[in-house]
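The following paragraphs lead through a protein model, to be read with the sequence and structure at hand.

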Amino acid sequence: MIGAKKGDRMIKLNGLHKHYGPHHVLNDISFHVPPGEVFALLGANGAGKTTAIKILLGLTPADRGTIEVAQDITFGYSPETPYFPPFFTGFEVLVYYARLQGQSRHQADQTAKQLLQSIGLADRSTKVKHYSKGMLQRLALAQALIGDPDVLILDEPTAGLDALGRVEIL
């Protein structure tokens, strides 16, 4: 799922191709996401949704095709399978990522506290190694929201969540 909030044409992918050996994962994929739109990539497992996201983010090179992203756009990304240091608490994870984005210690503490509250993980003492899959998904969403990004990319954001959690996230 990709959401955009400013600019004229936020994101444009044109004619993307990607293969791994003889297996073609993407074959001439094109789309654009205008500002203010919520955009979803839908398809069966193995259809190339995650590959398209990784190409957009510059994590995987395309074999062919072009990507245009409006200037000065910030991205927040929640991967399909989030991983955080197991010895950190959720609070420590969010403070760490907020500091990486240049927030002061005080700002990072406030950001982490606010985001944990908003995603329903207000307990700041539980280590990530004790989190359920659903709790990890919530933490990944909070991490992606740090800095109020212009574009939020969520890869399988409700995987592992119960029915109520899915409704809350969506």
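A residue is called buried when its relative accessible area is under 20%, exposed when over 50%, and partly exposed in between. The model discussed here is predicted.

By that cut-off Ser 78, at 2% relative accessibility, counts as buried. Ser 78 belongs to strand S6, which covers residues 75-78. What does Ser 78 touch, not counting residues up to four places away in sequence? The list consists of Ala 140, Leu 141, Ala 144, Ile 153, Leu 154 and Asp 155.

Gln 137 sits in helix H4, which spans residues 133-145. With residues up to four places away in sequence left out, Gln 137 touches Glu 80 and Pro 82 and also Glu 156, Pro 157, Thr 158, Ala 159 and Leu 161.

Now to the sheet. Strands of a sheet pair through backbone hydrogen bonds, and the pairing can be parallel or antiparallel. Here three strands make an open sheet, ordered S3-S2-S5, with antiparallel pairing. Strand S3 (23-33) and strand S5 (64-69) each have a single partner strand and stand at the edges, so one side of each lacks a neighbour in the sheet. From one strand to the next, the twist averages 20°.

The pairing of S2 and S5 can be followed at residue level. Strand S2 runs over residues 11-20 and pairs with S5 in the antiparallel sense, over five bridges. His 17 stands opposite Arg 64, a residue of S5.

A helix goes with this sheet. Helix H1, made of residues 49-56, lies across S2, S3 and S5. The direction of H1 is at about 120° to S2.

Ile 67 is a residue of the edge strand S5. Is Ile 67 buried, exposed or partly exposed? Its relative accessibility is 33%, which falls between the 20% and 50% limits, so Ile 67 counts as partly exposed. Leaving aside neighbours within four places in sequence, Ile 67 is in contact with Lys 12, Leu 13, Leu 16, Ile 55 and Leu 56. Among these, Lys 12, Leu 13 and Leu 16 fall in the range of S2, residues 11-20, while Ile 55 and Leu 56 fall in that of H1, residues 49-56. Along the chain, Thr 126 is 59 residues apart from Ile 67, and the C-alpha atoms of the two are separated by 40 Å.

Methods. Residues numbered from 1 in each chain as written. Predicted model: local features only at pLDDT ≥ 70, side-chain atom pairs only at ≥ 80, totals over all residues. Heavy atoms only, no water. Pairing = 2+ DSSP bridges. Helix = DSSP H or I, 4+ residues; strand = E, 2+ residues; numbered from the N terminus. Axes fitted to C-alpha atoms, helices over the stretch in contact; angles between N-to-C directions. Contact = heavy atoms within 4.5 Å. Buried < 20%, exposed > 50% of the residue type's maximum accessible area, 1.4 Å probe, protein only.
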